Every structure is written in structure tokens, then in C-alpha cells.
Amino acid sequence: MPAPTLASSTKHEYVLRYFPIRWRAEGARFLLLAKGEAFKEEAPSWPADRDHQPLSQLPVLVERNPVDGSEFVLSDSVAIERYLAARAGLLVDSGLRDSAREMQLRMQIEDVNIVLAGYKYGPEAGREMALDKYRRLADSFVGYHEELLKKNGSNGHYFGNSTTYSDISLYLLLVLVRSPNDGLPPGREDPFSPQRAPAINQVYHAVRGDALAKPYVAWLEKEDAAAAAHLASF
């Protein structure tokens, strides 16, 4: 059963609302840039604008139809990503089981995001416990994903021979853990080193070298040249 796609002759306009940091909106930003979509970014005043967002949370995507002025408002980072990935034809289309696996992989990445956020924004007294939790989760994540990638031939992709949403999601996780970011766990990138996670790093390089990533890499070089140079060194 093919994954749904949302082809349309109408060129929509987008607004991406998020805090002025690189984290939960990176998937949406990557996909919008990859497909050349017209969009602007908004950083709502917080907490003044909190009650104006769905569930009082960010990120939020607003899709506007310039023909009739209608708007489609979507919240939750994973829901936004999957919607944009579907529009771009980047969801796996090799059957129901692979679609379920694709969602599983993305939610495992979300588990890592949640633990990282707990370390950075949680109480300082709980940092040691949060660090231990991150290390255990990262080790399990690497072991499981290395095996899955080996089953697909360690070719830099989770499914088939071309870049899909799952590959992009893993690439962006590595961008996060490898970027200079005060407040994140020390040594957070160690489990994802080329020596310990060779197949995962093949995905990183396959996505980075894909034409889909060029607009995002160019944006990052302009936004944070030091971080971009560091990420290019891997």
C-alpha cells in the first residue's frame, strides 16, 4: 500500500512558528527548504502568545492557500514533519509494515530528544540521573539502529536505496547531538561516533550529500558558520 502523497497545483505559503533555537522545528525547516517552499519564520513572544497556539505549544505550521486565503494549522513536530514529508513524497511506500517501522524509528528519535530536553531544562539536581538515562538510551538506540541498517545493506538508508523521511530524521538527530549547545549532556556525541556507529554515520553522510540537504546546509552555514564547519568535519 503506497504512502499517501498530497500533490497539488497550488503553491502554498507557510509560516513556521518556533522559539529562536534549533531543535524541534529542524525537521520542518529541512523539508520546507528541500522542496523550495515559500515560508517565513515567526518566534512568538513567550509566554504572552502561548494561549494563541494549539495546546499552548510550539512548533506550529500554518499552511496558507494564496488563492482562497484558507489556512491549515498543524501542531506537534512529528505530525508537521510527516505532513511535509508526505507532500514531498518522502514517506516509505513499500507496505504497511515498513510504514509502521518508519513511525517507530521516528518515535525512537523523539525518545532521545525528550531525554536531552530533560537534561537541559530539568532541575540541576537531576542532571546525573538524566545523563545516565541518556547514555543507556543512546547505547540501546545505536545497537538497534545499526542492526536495522545492516539488514538494508549498510548503504546509508533505512529503506531501499534513496533518501526517505527516516534518513532525514536520523541526520537531524546527529546534527543536534554534534552541534555546540550549552546545557546538553557532556559526551553526548560519543555513542554516535563513526567507530561505534558506522552504519548510522553512513546515513549522516548520505543525507548530507543528497541534493535534498543542500538548501538546509546552506541555511545552516549562513545561520551559524561555526556549527556548520564543525558538522562538516565528521
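Predicted model: local features only at pLDDT ≥ 70, side-chain atom pairs only at ≥ 80, totals over all residues.
Local features were considered at pLDDT of at least 70 and side-chain atom pairs only at pLDDT 80 or more, whereas totals for chains, interfaces and linings use all residues. Residues are numbered from 1 along each chain as its sequence is written, and side-chain values use heavy atoms, with hydrogens and water left out.

Between the domains, four salt bridges are counted, each being a side-chain nitrogen of Lys or Arg within 4 Å of a carboxyl oxygen of Asp or Glu.

Helix H8 covers residues 225-232, helices being DSSP runs (H or I, at least four residues) numbered from the N terminus. Its buried residues, with under 20% relative accessible area (1.4 Å probe, protein chains only), are Ala-227, Ala-228 and Leu-231. These residues lie on the same side of H8 because they cover an arc of only 100° around the axis, the arc being that of the directions from the helix axis to the C-beta atoms. The buried residues pack against helix H5 (165-178), helix H6 (198-208) and helix H7 (214-223), while on the other side of H8, Ala-225, Ala-226 and Ala-229 are exposed, that is, over 50% relative accessible area.

Key: Helix = DSSP H or I, 4+ residues; strand = E, 2+ residues; numbered from the N terminus. Contact = heavy atoms within 4.5 Å.
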